[in-house]
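Thanks for passing this one along. Here are my notes, in numbered points, for you to read beside the model.

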Amino acid sequence: MASLKSSPAWKALEAHREKTAGLHMRDLFAGDKDRLKAMSVGLGGLFLDYSKNRVSAETCALLIDLAREADVEGWRGRMATGENINTTEGRPALHMALRDPGGGNGEIIAARKAMERICNDIRDGKMTGATGKPFQAVVHIGAGGSHLGPAMVVRALKAYRDGPDIRFVCNVDGAQIAQVLDGLVPETTLFIAASKSFTTEETLTNARTAYAWLSEGLGETGGGGAGEAVGAHFIAVTANAGAAGDFGIGENSIIALAEGVGGRFSVCSGVGLAAALAVGWENFAAMLSGAHDMDRHFMESSLDANMPVILGAIGIWNIDFLGAEALAILPYDEGLGLLPAYLRQLEMESNGKSTGRDGTVLDAGGAPIVFGQPGTGGQHAFYQAIHQGRRLIASDFIVPLRTHHPIGGGDHHQRLLANAFAQSQALMTGRDSAGQPPHRAFEGNRPSNTILMDRVDPFTLGQLIALYEHKVFVQAVIWGINPFDQWGVELGKELAAAILPEVLGRAASGDHDCSTRGLIARARKAKEE
């Protein structure tokens, strides 16, 4: 792949940056009273205001030129038609098919129907545990994307929850599963093991612990032995049905996960079963509809009026041309408390790479550091660095206009909105140094987007999920990255598998550096003591 920095569109943007280096957003707003109208786009329950960025109409046009030059339109078409755009693994990227009501391949359609059947049967009490009692609690066992997606949705849609108690386990640290199991009853507890390969170490370790917990609690219940009883308390979501069957999970309790669906793009698949159980199939289907609505917008809208394209292009301007090293995800809604972690994985695992899809070393691009916290809590934690720190940090404010909790007559929520709007204004305007001591003055001119939601409901949440999925894809296309693999994760897994027997004392220490050998030795000594 040719150097991105040598492309005509990139060079035009570099020249534009030099020409506009002295511009302040205060001046841009002062010179254009209709700036918001020109720099905003809405879709259903979402509204994106990108006016508080260091961009002019010319900047935006040049960024769209860059997207066209990178063939974003062609790549989105290849994704939609199921081409193997995940080149390093020889797979398509099928997450849009998960929420396409009129299509998707046969495997995805069958999996969706199986998920709906299982969801309804569990919620209706038709699918029960080994003793015939309905399930009162569901423990979702996953890792990474197979955990963060459903956990984020369950928390976000708390106002719609009317199903069983939902709990999550993702950490191989035994303290987590011990805490999650505390107070649960084996007879009425269901486990969902979500693992595409059904070989993920964290997931299988926790699943085995759950199996042992059920075996002890159920014994020979049901007349078919402990194995059959335990099997009635497990659902698997996986692309490896054989391994799930070997674990003891029956065929009718396995939801297929297509090979072309990566973990961080999988919340609309069977991986989201826990969320569907929490809010009901109708609400989960509404979330799929919201995601599909954004999919259609992404596929059908021109690039210059396309919400994911604009959000992605603005991000590239901030990262590569202004030097923003981080992106703060700032949801002004307590229910969206897990959104920063969810988007952190989506962005940093997808685009946190220095090698292009053709194997060449990139000369530009790559994911920023993503972090965040909901509501006004973050204002008293890290906003100081966003306002006055030496490093440029871009921000995405995500703000629901209506609340499900109108406590105090809605006064709490109006104060929340006031804080969100004030922060984005302060980042833009800053405080004039005239008449101020140095520590009270700051320049402003810090970029931010504001995404308004009508409210956090299943449909708008689906829109928001798909918006960021496509934003990440747009940036990957422009940078020349394959966003659907994660080879940087694999080395740690391989080394952990080799080191584990040594930590357990079942094998001699291998050929490691002196630090790793010393750490293993201390761990073995602590275990022996």
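**Notes on the fold and its contacts**

1. Let me start with a buried residue: Q463 has a relative accessible area of 0% and counts as buried (under 20% relative accessible area is buried, over 50% exposed and in between partly exposed, with a 1.4 Å probe and protein chains only). Q463 lies in helix α18. Leaving out residues up to four places away in sequence, Q463 touches L43, G44, G45, L46, G290, A291, D293 and M294, where contact means heavy atoms within 4.5 Å.

2. A word on the basis of these notes. This is a predicted model, in which local features need pLDDT of at least 70 and side-chain atom pairs count only at pLDDT 80 or more, while totals for chains, interfaces and linings use all residues. Residues are numbered from 1 along each chain as its sequence is written, and side-chain values use heavy atoms, with hydrogens and water left out.

3. Now the chain as a whole. It has 20 helices and 11 strands; these are DSSP runs numbered from the N terminus, helices being H or I of at least four residues and strands E of at least two. The radius of gyration is 25 Å, close to the 24 Å that the globule rule gives for 529 residues, so the chain is as compact as a globular protein of that length (the radius is taken over C-alpha atoms, and the rule is 2.2 Å times the number of residues to the power 0.38). Along the principal axes, the C-alpha atoms fill a box of roughly 80 × 60 × 50 Å.

4. How much of the chain is buried? Of the 529 residues, 51% count as buried. Of the contacts between residues at least 6 apart in sequence, 73% join residues at least 24 apart.

5. Helix α18 (residues 458-479) also meets helix α5 (residues 72-80): their axes come within 10 Å and cross at roughly 125°. Axes here are lines fitted to C-alpha atoms, for helices over the stretch in contact, with angles from 0 to 180 degrees between N-to-C directions. The two helices are therefore oblique to each other (under 35 degrees is roughly parallel, over 145 roughly antiparallel, 65 to 115 roughly perpendicular and the rest oblique). V72, W75, R76 and M79 of α5 and H470, F473, V474, V477 and I478 of α18 make the contact. By class, that contact has seven nonpolar, one polar and one charged residues; Ala, Val, Leu, Ile, Met, Phe, Trp, Tyr, Cys and Pro count as nonpolar, Asp, Glu, Lys and Arg as charged, and the others, Gly among them, as polar.

6. Please look at another helix pair too. The axes of α1 (residues 8-19) and α14 (residues 307-321) come within 12 Å and cross at roughly 65°, and these helices are therefore roughly perpendicular to each other. The contact is formed by W10, L13, E14, H16 and R17 of α1 with I316, W317, D320 and F321 of α14. Its classes are five nonpolar, one polar and three charged residues.

7. S395 sits in strand β10 (residues 393-400) and is buried, at 1% relative accessible area. Beyond residues up to four places away in sequence, S395 touches L327, A328, L330, I386, L427, P447, S448 and N449.

8. Is K158 buried or exposed? K158 counts as exposed, at 62% relative accessibility, and its place is the loop between α7 (145-156) and β4 (165-169).
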